[in-house]
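For each term, I would like the value set beside its definition.

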Amino acid sequence: MEQAEIGLIGLGVMGSNLSLNIAEKGNKIAVFNRTAEVTRKFHAEAGALQNQIVPCETLGEFVAAIRPPRPIIIMIKAGDPVDQQMEHLKPYLSTGDIMIDAGNANFRDTMRRFDNLKDSGLTFIGMGVSGGEEGARHGPSIMVGGTEESWKRVEKVLTSISAKFNGEPCVAWLGENGAGHFVKTIHNGIEYADMQMIAEIYGILRDGLGMSASEIGNVFGRWNTGRLNSYLIEISEKVLKANDPISGKPMVDVIVDRAGQKGTGKWSVIEAQNMGVAATAIEAAVAGRILSSQREERVAAERIFGLPKAERPKDGMAFLADLENALLAAKIGAYAQGFAVMAAASAEYNWNLPMPTIARIWRAGCIIRSQFLDEITSAFTKDPHVANLIVTPAFSKMVKETDGALRRVVSYAALSGLPVPALSSALSYFDAYRRSRGTANLIQAQRDFFGAHGFDRLDGVDKHHGPWGSGLEEFA
Ligand code: NDP
């Protein structure tokens, strides 16, 4: 019998859809799931794709069904289950076989798993898969980290199943060990910021301008035909226009305002901090979700403080145009921060992350897919090592055209008591980044005063101390 080209363990939401996608693109695939009943049901329901799928109920049978060196995708619950599954699988594998963790792993776990297998003759790939259920079934964006040799073994299958943007596959080998999962983590961090910013604009339209959900849906629908064209704006229009079949009200109006999170946003922020990179919009987005989850406290605080009255802007049409431009300006800040974190990690871990390629494979298939990412691809292709996206010619022009709008929107929100943590942090980031003379001279003076840390002088003399003595005399 012809052997399968690839194997997959874990027929949950993502694994089952990915398997069908792999089979549909003409690749024979062996599948295994911890609960055998799930495997039987999956195969029974695979319809015309049944012949391309080899359902296996034991790991021995599963491994024997795959052509060596065997690439095996593990698409199960992230964390300990992956380590356990790898341990169960190992005794059946031979030299050159590749275990591929396609779940949402912390890249530090990926580095550890990669290192642990180093002397075993087996290889490990950490693979970020974005696009949710729909992406897995019809074309995800795939971020691969591992050895180049192991990538070569899976390149054909992964290229066949990935999303395509103007015919170009949204999959790439990004570097050794944890590179793929790191990039996927930052993708999710940017996704958090993008979603938070859209929600903040929604808040201004709802609570500042008094618009209904479907009216806001119409605004997003119009924006989706312009520079903000993206999957997240597109689905925002759709959800805002959907009605609750139970109450008949707009669906969003009956959803509790408490956002969930699984950890990738938090990991992005932690790694940005570890790397010494300011990712303030992503931080604000994670903090925004945390505050959203403290609903009881917010309800109690509103009883104490009430809410300021939001005045309607005088020129509604002009303000709508400002909101559109403000979202674009802030989005540029968030993406610039995400790419800056990746650039720092690339240097730290010697990954040599290809920035234009990362932008290219995010143009389709993933949750942050957009026209905007095509523009980022062009900017990084022209200058792959630029210090920050916002200083590229194309994006500096966009920022100059839109930062005034962001300023007006943030001012309006502040005066109206409407929270815009991600929009305002993107604005402050820009204002701090483009100012040659900041205010940290005072911080350096304070540090020298209480800790004798010394400071560098503008005239070029370094490690200087101020004329304030030890600073401890007053405590004597
Ligand atoms: P599901 O909850 O749908 O499925 C979980 C799968 O994991 C099942 O096949 C389950 O097997 C298996 N499993 C759980 N624990 C173990 C274990 N200890 N040993 C072996 N198998 C186990 O998860 P998803 O498909 O949604 O997610 C899978 C991975 O993909 C996760 O890492 C997730 O973060 C990531 N991901 C999810 C996305 C999404 O939109 N859902 C998007 C991108 C990534 P059993 O049937 O026996 O319980």
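**Terms and values in a predicted model**

Helix 8 (residues 179–208) lies across strand 5 (98–101), strand 6, strand 7 and strand 10, and runs at about 20 degrees to strand 6. This is a predicted model, in which local features need pLDDT of at least 70 and side-chain atom pairs count only at pLDDT 80 or more, while totals for chains, interfaces and linings use all residues. Residues are numbered from 1 along each chain as its sequence is written, and side-chain values use heavy atoms, with hydrogens and water left out.

Q: Why are helix 12 and helix 14 called roughly perpendicular to each other?
A: Helix 12 (residues 280–293) and helix 14 (residues 316–349) pack at an angle of about 105 degrees, with their axes 7 Å apart. Angles of 65 to 115 degrees count as roughly perpendicular (under 35 is roughly parallel, over 145 roughly antiparallel, and the rest oblique), and therefore helix 12 and helix 14 are roughly perpendicular. The axes are lines fitted to C-alpha atoms, for helices over the stretch in contact, and angles run from 0 to 180 degrees between N-to-C directions.

Q: What makes the contact of helix 12 with helix 14, and how do its residues divide into nonpolar, polar and charged?
A: With contact meaning heavy atoms within 4.5 Å, T280, A281 and I282 of helix 12 meet A334, Q337 and G338 of helix 14. These residues divide into 3 nonpolar, 3 polar and no charged.

Q: Why is strand 7 described as largely enclosed by the rest of the structure?
A: Buried means under 20% relative accessible area (exposed is over 50%, partly exposed in between, with a 1.4 Å probe and protein chains only), and 5 of the 5 residues of strand 7 are buried, so strand 7 is largely enclosed. Both of its faces are covered, with S141, M143 and G145 buried on one side and I142 and V144 on the other. Strand 10 (residues 171–175) is mostly covered, with 4 of its 5 residues buried.

Q: How do you know which strands pair with strand 7?
A: Two strands pair if DSSP finds at least two bridges between them. Strand 7 (residues 141–145) is joined to strand 10 by 4 bridges, and the two run parallel, with V144 opposite W173 and M143 opposite A172. Strand 6 (residues 123–130) pairs with strand 7 over 5 bridges in the antiparallel sense, and G126 stands opposite G145 there.

Q: Why do strand 3 and strand 10 stand at the edges of the sheet?
A: The open sheet of 8 strands has the order 3-2-1-4-5-6-7-10, with mixed pairing. Strand 3 (53–56) and strand 10 each have a single partner strand, so one side of each is left without a neighbour in the sheet. From one strand to the next, the twist averages 25 degrees.

Q: What makes K463 count as exposed?
A: K463 has a relative accessible area of 64%, so K463 is exposed. Phi of K463 is also positive, near 55 degrees.

Technical notes
Ala, Val, Leu, Ile, Met, Phe, Trp, Tyr, Cys and Pro count as nonpolar, Asp, Glu, Lys and Arg as charged, and the others, Gly among them, as polar.
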